[in-house]
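Dear colleague,

Please find below the structure I wished to pass on to you. My notes on what was found in it follow directly after.

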Amino acid sequence: MYRTRLFAVRHARAFEWLYVRLERAMVALDPLFARVGYARIEPPVAAIERVTKGLLFDCKMCGQCVLSSTGMSCPMNCPKQLRNGPCGGVRPGGYCEVKPQMRCVWVLAWDGAARMKDGGTIHDVQPPVDRSLEGSSSWLRVSREKAARLREARDAPRTTIAKAFPGARANEPSAAPLAPEPSSAVRTGDGR
Amino acid sequence: MTDDERREFAPWLPTYDEPPPGHVSGSRLERVLRQGRFAVTAELNPPDSADPADVFEAARPLAEVADAINATDASGANCHMSSIGICSLLTRAGYGTIYQISCRDRNRIAIQGDVLGAAAMGVRNVLCLTGDGVGVGDQPGARPVFDLDSLSLLRTIRTMRDEGTFLSGRQITRPPRMFLGAAENPCVEPLDWRPERLAKKVDAGAEFIQTNYIFDIPVFERFMARVRDLGLEERAFILAGVGPLASAKAARWMRSNVPGIHIPDAVIERLDKAAKPAEEGKRICIELMQQLREIRGVAGVHVMAYRREHLVSEIVAESGVLQTRVPHRSRASGREVD
């Protein structure tokens, strides 16, 4: 919802606090998730994530959440889906070029980031979205990725993306994932 | 292919030269800028035609004053001859070109392939853009792509050039030697964050910057002051965008219909009061160029004279920004590195 989205940005600092704790919990649970099987817990966790983040941030379930680096303003709500905005078309007053009645997602993002403790991560250059991860749980991906950073799996193509965008990976590891993906998290073929 | 084979089978085929030391591309624009000279680039109005003669017709009024000619990529989401086609033709004829890539119409697979194709055709400068939304163009029903954005595009081409790999990790045997450019719009919201975003673009790989139209010098001065605080003018060459306005009516139309254009009321008033608005528009453009030249950190100007290309030579000459320098094309060598 547009209103809650604006609320989330205004309270970016509080959501940041919450997110840091959520993330810690998810990372701590990695061994458990791994034992139960990420493939098995993927569907219910993704469903919960879809509902809560949909309500709060108008989440589009890109599967590669970077909210902590975008002032708690979801970049997938940008009509151009910029991961590094804003574009040059912002209207006077900070309104969107494509949807003139909407505040620019990235004007909000920079404002939100300025309110956050670690908002400086908005300066990281974010990689393009991996469209094959759409619809999957970003929370689980974060717990996998942060845990995997210790193991740093070697996967050539993904490593190149991760290397090309090192800053983003350091702060938002799910933006350039390296850990092995369970098959239920990845959509393949043209049936997207 | 050996040199003998080349001579026998394809004598017209240019060699693929590596850039000189200290350069990433060796393009004329890069050399002019690295020599510390004030550069001039100009935007070409792409033809709605398949005739190569129309491309040269459009380039002619720009060629004698521009170090490089920008070929737009369906700007304003309007369909025209492709940037890669125009750049290929003009590069063959020895002109410096800037290949504009917009993320609106093509995904990462198409773009990476086109970058190699452009480099093979001799193109050595590329301007990475996000692109206007499809809604403002002549085919608003088109599907917007936006697979990459201007920053991930910059980083992608830099990876291709410097690491010699596609984003997938596959090797490129001869990487594309491109001088990387990005756009910036210093006079539109969010004004406070524009310099920060420019810093991000430089981090992503931008080596030169072409700004949108600057009609508001005080706002641009504030932008440049912050840019200098961040030390960005030492990491990238900044070319300020200018252009002649035809009339107050045209200026008002641009302001409300073209995304990202900021024209202060004072400029429009001046056009309104002028007996000959077109002359006044030209005068304003010349004055702006002279003022921009004096701002520390401005390395050149980018002239966008949409449908007024015939004025570009006069404007540049009267502004005196080139001093005694004459940008000339190399003899039809078929490549930009010479």
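In this predicted model, helix α11 (residues 277-293) of chain B packs against helix α12 (residues 312-319) of chain B at an angle of about 45°, and their axes are 9 Å apart. Because angles from 65 to 115 degrees count as roughly perpendicular and those under 35 as roughly parallel, α11(B) is oblique to α12(B). The crossing of α11(B) and α12(B) is right-handed. On the α11(B) side the contact is made by B:Lys282, B:Cys285, B:Ile286, B:Met289 and B:Gln290, while α12(B) contributes B:Ile315, B:Glu318 and B:Ser319. By class, the residues of this contact are four nonpolar, two polar and two charged.

Turning to the nonpolar cores, the largest has 137 residues, and those with the most contacts inside it are B:Ile69, B:Cys128, B:Val242 and B:Val303. The element that gives the most to this core is helix α5 (residues 105-115) of chain A, with seven residues. Leaving aside neighbours within four places in sequence, the contacts of B:Ile69 include B:Ala42, B:Leu44, B:Leu90 and B:Tyr95. A second, separate core has five residues, among them A:Tyr38, A:Trp139, A:Leu140 and A:Val142.

As to the two chains, 30 residues of chain A are in contact with 32 residues of chain B. On the side of chain A that touches chain B, the elements giving two or more residues are α5 and α7 (156-164) of chain A. The largest share of that side, six residues, comes from α7(A). That side of chain A comprises 17 nonpolar, ten polar and three charged residues.

With kind regards

Conventions
Residues are numbered from 1 along each chain as its sequence is written. Chains are lettered from A and ligands numbered from 1 in the order in which they are written. This is a predicted model: local features need pLDDT of at least 70, side-chain atom pairs count only at pLDDT 80 or more; totals for chains, interfaces and linings use all residues. Axes are lines fitted to C-alpha atoms, for helices over the stretch in contact, and angles run from 0 to 180 degrees between N-to-C directions. Helices (H or I, at least four residues) and strands (E, at least two) are DSSP runs, numbered from the N terminus. Angles under 35 degrees count as roughly parallel, over 145 as roughly antiparallel, 65 to 115 as roughly perpendicular and the rest as oblique. A crossing is left-handed if the near helix is turned anticlockwise from the far one by less than a right angle, and right-handed if clockwise. Two residues are in contact if their C-beta atoms, placed from the backbone, lie within 7 Å. Ala, Val, Leu, Ile, Met, Phe, Trp, Tyr, Cys and Pro count as nonpolar, Asp, Glu, Lys and Arg as charged, and the others, Gly among them, as polar. A nonpolar core is a set of buried Ala, Val, Leu, Ile, Met, Phe, Trp, Tyr and Cys residues joined through C-beta atoms within 7 Å. A residue is buried if 20 or more other C-beta atoms lie within 10 Å of its own, exposed if 12 or fewer, and partly exposed in between; C-beta atoms are placed from the backbone.
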